[in-house]
Amino acid sequence: SEVLKRLPTFPNAAFSTTDRESVQREVKAALSQKATLSCEVLDSKMEVKWLKDGKVLTSSKGIHMESKGKTRELVIDRMEKKDAGEYTCEAGGDKLVFKLQLTGSCYGGDLYLVH
């Protein structure tokens with residue numbers, strides 16, 4: 001008889017399986033550079049909450065959230081020292097964790113990370 005391989009199931013899954021492959025991400029951005037944290041949800045209508053170090057974030061000067069289809073992004077326009085830390089994207093009882101680190105060198109252009 002054939003043995004069927006099953007993908008792991010997550011009862012409260014809100015994010016795509018590819019996002020789940022590495023739940024914690026280390027993201028690096030240089031001072032004054034744009035940094036984008038990105039995750040993909042299963043339903044294009046799903047709302048997400050972004051948290052930094054456990055505190056809920058709202059759009060403000062220099063930081064905003066974007067929804068593009070099933071992609072949810074947190075965009076920091078100009079990376080500052082205070083922006084480094086742990087970020088969490090929460091949706092429907094599920095979450096993905098990112099660690100945003102400030103790098104010492106400054107490069108031209110934008111840093112854009114899609115997961």
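Residues 24 or more positions apart account for 69% of the contacts with a separation of 6 or more in the protein chain. A contact here means heavy atoms within 4.5 Å. This is a predicted model: local features need pLDDT of at least 70, side-chain atom pairs count only at pLDDT 80 or more, and totals for chains, interfaces and linings use all residues. Residues are numbered from 1 along each chain as its sequence is written, and side-chain values use heavy atoms, with hydrogens and water left out.

**Overall build**

- The protein chain holds 1 helix and 8 strands. Helices (H or I, at least four residues) and strands (E, at least two) are DSSP runs, numbered from the N terminus.
- Along the sequence, the pattern reads α-β-β-β-β-β-β-β-β.
- The protein chain has 115 residues, and 32% of them are buried. Buried means under 20% relative accessible area, exposed means over 50%, and partly exposed lies in between (1.4 Å probe, protein chains only).
- The accessible surface of the protein chain is about 7,500 Å². Carbon and sulfur atoms hold 51% of that surface. The areas come from the Shrake-Rupley method with a 1.4 Å probe; for residues, only the protein chains shown count as cover.

**The nonpolar core**

- The largest nonpolar core has 19 residues. Such a core is a set of buried Ala, Val, Leu, Ile, Met, Phe, Trp, Tyr and Cys residues joined through side-chain atoms within 4.5 Å.
- Phe-15, Leu-37, Cys-39, Trp-50, Tyr-87, Phe-98 and Leu-100 touch the most other members.
- Strands β1 (24-30), β2 (35-40), β6, β7 (85-91) and β8 (94-103) each supply at least two residues of this core.

**Arg-72, a buried charge**

- Arg-72 sits in strand β6 (residues 71-76).
- Arg-72 is buried but has no salt bridge. A salt bridge is a side-chain nitrogen of Lys or Arg within 4 Å of a carboxyl oxygen of Asp or Glu.
- Glu-47 is the nearest side chain of opposite charge, 6.1 Å away. Lys and Arg count as positive, Asp and Glu as negative; His and the chain ends are not counted.
- The Arg-72 side chain reaches the backbone oxygen of Met-46 at 2.8 Å. A polar atom of that side chain also lies 2.8 Å from the backbone oxygen of Gly-69.
- Leaving aside neighbours within four places in sequence, the contacts of Arg-72 include Leu-37, Cys-39, Trp-50 and Glu-66.

**Salt bridges**

- The count comes to 5 salt bridges.
- Lys-49 and Glu-90 form a salt bridge through their side chains (4.0 Å, N to O). Lys-49 is in strand β3 (residues 49-52) and Glu-90 in strand β7, so the pair ties together parts 41 residues apart in sequence.
- Lys-49 is partly exposed at 43% relative accessibility. Glu-90 is partly exposed too, at 26%.
- Lys-68 and Glu-66 meet in a salt bridge (3.3 Å, N to O). Lys-68 is partly exposed at 45%, and Glu-66 is partly exposed at 25%.
- Glu-66, Lys-68 and Glu-73 are linked in a network of salt bridges.
- Asp-83 pairs with Lys-82, their closest N and O atoms being 3.5 Å apart. Asp-83 is buried at 9% relative accessibility, whereas Lys-82 is exposed at 57%.

**A loop residue**

- Thr-58 lies in the loop between β4 (55-56) and β5 (63-68).
- Thr-58 is exposed, with a relative accessible area of 57%.
- Leaving aside neighbours within four places in sequence, Thr-58 is in contact with Ile-63 and Met-65.

Note on methods. A polar contact is a pair of N or O atoms within 3.5 Å; within protein, one must be able to donate a hydrogen and the other to accept it, and residues adjacent in sequence count only if both atoms are side-chain atoms.
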